[in-house]
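The sequence and the model are shown first.

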Amino acid sequence: MATTTKKLTLIRHAKSSWDDGELDDIERPLTRRGEKDAARVGQWLKEQHWRPNAFWTSNALRAMMTAKIIASTAKLSLSSLNKKKKLYLAEASELLGFINTLDDRIDHLALVGHNPGMLDLINALTGEMIDSLPTCSVYIIEFPCRTWQEVTTGSGMTQVKITPKKLR
């Protein structure tokens, strides 16, 4: 039986390095601080009994590293982690399009991506007007609906918003 709510965890990738100017943007790794922040966030999510039943990430190295560290620290199976090329630098409308195509057996989706798409998506879904989404920030949004197709602009309510800085 399908639930009457859907839950979406949006995570901006952790702090990435600009040290190697030869790397393509998609290949930039996390900094040491980024790794620590992702582990801190993963630990906090574990303590909250966070259990998405689908976990997707952009195929950018910094996003995949963030997702792997969070999943590992939160004690999620790494086999549940999926990467998707079209999530790389996706705009809010593209992210929402992806969300709207999800299998309705999924009740809680976690998604690791990039700004400005993630920030714009949060504002669109919740009606909030936040102007900044720091690296490795987590927003958990709940939707009063049975299907992902029903997730639309303004239909979500923020349940959690946390930044690594708040956890230090």
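In what order do the elements of the protein chain run from the N terminus on? The order is β-α-β-α-β-α-β-α-β-β-α. The model under discussion is predicted.

## Overall architecture

The protein chain contains five helices and six strands. Its radius of gyration is 15 Å, which agrees with the value near 15 Å that a compact globule of 168 residues would have. Along the principal axes, the C-alpha trace spans about 45 × 30 × 30 Å.

Of the 168 residues, 48% are buried. Among contacts with a separation of 6 or more, 74% are made by residues 24 or more positions apart.

## Charge and salt bridges

The protein chain carries 24 positive and 19 negative side chains, and the centres of these two sets lie 7 Å apart. Side chains of opposite charge can pair when their charged atoms come close. How many salt bridges does the structure hold? There are nine.

One of these joins Asp107 to Lys6, with the closest N and O atoms 3.0 Å apart. This pair links distant parts of the chain, 101 residues apart: Lys6 belongs to strand E1 (residues 6-12), whereas Asp107 lies in the loop between helix H3 (92-100) and strand E4 (108-113). The two partners are unlike in accessibility. Lys6 counts as buried because its relative accessibility is 0%, whereas Asp107, with a relative accessible area of 24%, is partly exposed.

## A pair within a helix and its network

Asp37 and Arg40 form a salt bridge with an N to O distance of 3.0 Å. Both residues lie in helix H1 (residues 32-47), three residues apart, which is about one turn of the helix. Is Asp37 buried or exposed? Asp37 counts as buried, because its relative accessibility is 1% and the cut-off for burial is under 20%. Arg40 is partly exposed, with a relative accessible area of 29%.

The pair is part of a wider arrangement. Arg33, Asp37, Arg40 and Arg168 are linked in a network of salt bridges.

## A pair between strand E6 and a loop

Lys161 forms a salt bridge with Glu128, the closest N and O atoms being separated by 3.5 Å. Here too the pair links distant parts of the chain, 33 residues apart, with Lys161 in strand E6 (residues 157-162) and Glu128 in the loop between helix H4 (117-126) and strand E5 (138-143). Glu128 counts as buried at 18% relative accessibility, whereas Lys161 is partly exposed at 43%.

Glu142 lies in strand E5 and is partly exposed, with a relative accessible area of 25%. Which residues are in contact with Glu142, leaving aside its neighbours within four places in sequence? They are Thr5, Lys6, Lys7, Ser155, Gly156, Met157 and Gln159. Although Glu142 and Lys6 are 136 residues apart along the chain, their C-alpha atoms are separated by 5.8 Å.

Thr153 is located in the loop between E5 and E6. This residue counts as exposed because its relative accessibility is 59%, and the cut-off for exposure is over 50%. Not counting residues up to four places away in sequence, Thr153 touches Ala124 and Leu125. The C-alpha atoms of Thr153 and Ala39, which are 114 residues apart along the chain, are separated by 31 Å.

## Local backbone features

Most residues other than glycine have a negative phi, and most peptide bonds are trans. Where is a cis peptide bond found? The bond from Asn115 to Pro116 is cis, with omega near 5 degrees. Pro116 is in the loop between E4 and H4.

Positive phi values occur at His49, where phi is near 60 degrees, and at Leu89, where phi is near 55 degrees. His49 lies in the loop between H1 and strand E2 (54-58) and is exposed, with a relative accessible area of 68%. Leu89 is found in the loop between strand E3 (81-84) and H3, and at 44% relative accessibility Leu89 counts as partly exposed.

How values were computed. Residues are numbered from 1 along each chain as its sequence is written. This is a predicted model: local features need pLDDT of at least 70, side-chain atom pairs count only at pLDDT 80 or more; totals for chains, interfaces and linings use all residues. Side-chain values use heavy atoms; hydrogens and water are left out. A salt bridge is a side-chain nitrogen of Lys or Arg within 4 Å of a carboxyl oxygen of Asp or Glu. Helices (H or I, at least four residues) and strands (E, at least two) are DSSP runs, numbered from the N terminus. Buried means under 20% relative accessible area, exposed over 50%, partly exposed in between (1.4 Å probe, protein chains only). The radius of gyration is taken over C-alpha atoms; the globule rule is 2.2 Å times the number of residues to the power 0.38. Contact means heavy atoms within 4.5 Å. Lys and Arg count as positive and Asp and Glu as negative; His and the chain ends are not counted. The place of a charge is taken as NZ of Lys, CZ of Arg, CG of Asp or CD of Glu.
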